[in-house]
Amino acid sequence: MDKSIEMIYNYIKNNEKPADELKLGAEFEHILLDKDAYTLGYFDRGGTGDLFREMEALGWEANREGENILSISKGNIYISTEPGGQLEFSTIPLKSIDEIKEALKEFYLDATMVLKDYDSNIYNIGFQPKTNVDDIKILPKERYYAMYDYFKTSGKMGKYMMKGTASLQLSIDYTNEKDYGKKYSMANRLSNILYMIFDNAPFFKDRPYEGYALRSKIWNNTDRARTGMIERAFRLDFGYEDYAKYLAENDAIYILKDGEFKRFNGKIKDAIDQNTSKEELEHLMTMVFPDVRTKNFIEIRQIDSIPYPYNLGAIAFLKNLFYNEDNLEQAWNLLGDMSYKEAERARIEMYEKGFKTKIMGKSIDRLAGELLSMIDIDKSDEKYIKPIYDLFEGKSLKNLAIESWENYAMVQNAISDLRVRMEVFDV
């Protein structure tokens, strides 16, 4: 085994968890919009920069790079900013969805209070609805500049991805290589289904988006080598070495070496040697963006940014599917025969046909319904699952927003339900 492959392999293996210590790592990305639904970047009034400064005054700990606060934290809660000023909420891995909810509520309470003094609101939406992305400034961070320059050559929509997208990501644990392979492979087979169920990008350039799964299409046209589904993952024996080989063959773009970040012209495998530290390797593992990514956990990345309570419903669905052996086996019985070729064909078709796209002879809405009906939900999670039933029946948040636009013909009114509102929390 090549030395670089071996180091990645060992890193993944060393992060196996005992079966009774499996946790959930939630990340919720948001977009800040003004009253007319235009994007607010980091430096705009009421943007992420102002929010972070105001939150620091409320007792949140600030992390600065030069004069700019690029992240804040409080207890187990971490808030950072993405290249286009998107706002990301995350916590340390937690055992229950109740804990995630309480952490999210704590952040929202402070953030919404702060933003009352500004002409801005926090939105859960998969893509910013109105602003020309060329008018959104990239956050002043060398890593982002390097990625932005690279994606100009690797695809046609890198600037849209970096400046306009927002998602929900869930990280799950694995106990051994067999468990890892089974979970990772199933998460790839679920890709198109998850993109459609949780499609929440209703507008593009101030008009209703006529296709489906816009955020997926943007990623697919950013850099095919490091995005989308992984062909190896559709093999029944997928394991640590398979992912290590996938990672190693991608361009590194930007590396951490001896405490300094620098651009790098070469593959990830070329950036790894016997002196590569754990921190340096962990950075390299963040330089690919497939639908399902491996770090010290399995990161499921297909879900658009969606508002409460749908966001917790999505987590409840994934938790109960992947952390219940019987449920996972049921999913394999339904989707296990899916090939990479079939999934890729459906991906392209999905952008035009949406839920009516067929995978292995069944429409996506039918597969979604069968998935939901076949899994047993833990009693403690039933309250979170109920709000997303309609989404599994093809009634997407995207379509609801467009229906609202047809009544108002104003984007800001059509997306009002996607704004963070404390009154919808059962406080």
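Modeller: Buried means under 20% relative accessible area. Keep that cut-off in hand. This is a predicted model.

Colleague: Which residues are buried in helix α2?

Modeller: Helix α2 spans residues 48–57. Its buried residues are T48, G49, D50, L51, F52 and M55.

Colleague: Let's take the helix pairs. How should I read one?

Modeller: Two packed helices are described by the angle between their axes and the distance between the axes. Now the case here. The axes of α2 and α3 lie 10 Å apart, and the packing angle is about 110°. That makes α2 roughly perpendicular to α3, because angles of 65 to 115 degrees fall in that class.

Colleague: Is the crossing of α2 and α3 left-handed or right-handed?

Modeller: Right-handed.

Colleague: Which residues meet where α2 packs on α3?

Modeller: From α2, L51, E54 and M55. From α3, F107, D110, A111, V114 and L115. By class, this contact has six nonpolar residues, two charged and no polar. L51 and M55 are also on the buried list for α2.

Colleague: Helix α3 has another partner, α11. How do the axes of α3 and α11 cross?

Modeller: At roughly 155°, coming within 11 Å. Here α3 covers residues 97–115 and α11 covers residues 310–322. Angles over 145 degrees count as roughly antiparallel. Therefore α3 and α11 are roughly antiparallel to each other. Their crossing is right-handed.

Colleague: Which residues of α3 and α11 meet?

Modeller: I97, I100, K101 and L104 come from α3. N311, L312, I315, A316 and K319 come from α11. The classes in this contact are six nonpolar, one polar and two charged.

Colleague: Now the start of the chain. Where is M1 found?

Modeller: In the segment before α1 (3–13).

Colleague: Is M1 buried or exposed?

Modeller: The cut-off for exposed is over 50%. M1 has 55% relative accessibility, so M1 counts as exposed.

Colleague: What is M1 in contact with, leaving aside its neighbours within four places in sequence?

Modeller: E6, Y9 and E241. Look at E241. Along the chain, E241 is 240 residues from M1.

Terms used: Residues are numbered from 1 along each chain as its sequence is written. This is a predicted model: local features need pLDDT of at least 70, side-chain atom pairs count only at pLDDT 80 or more; totals for chains, interfaces and linings use all residues. Side-chain values use heavy atoms; hydrogens and water are left out. Axes are lines fitted to C-alpha atoms, for helices over the stretch in contact, and angles run from 0 to 180 degrees between N-to-C directions. Helices (H or I, at least four residues) and strands (E, at least two) are DSSP runs, numbered from the N terminus. Angles under 35 degrees count as roughly parallel, over 145 as roughly antiparallel, 65 to 115 as roughly perpendicular and the rest as oblique. A crossing is left-handed if the near helix is turned anticlockwise from the far one by less than a right angle, and right-handed if clockwise. Contact means heavy atoms within 4.5 Å. Ala, Val, Leu, Ile, Met, Phe, Trp, Tyr, Cys and Pro count as nonpolar, Asp, Glu, Lys and Arg as charged, and the others, Gly among them, as polar. Buried means under 20% relative accessible area, exposed over 50%, partly exposed in between (1.4 Å probe, protein chains only).
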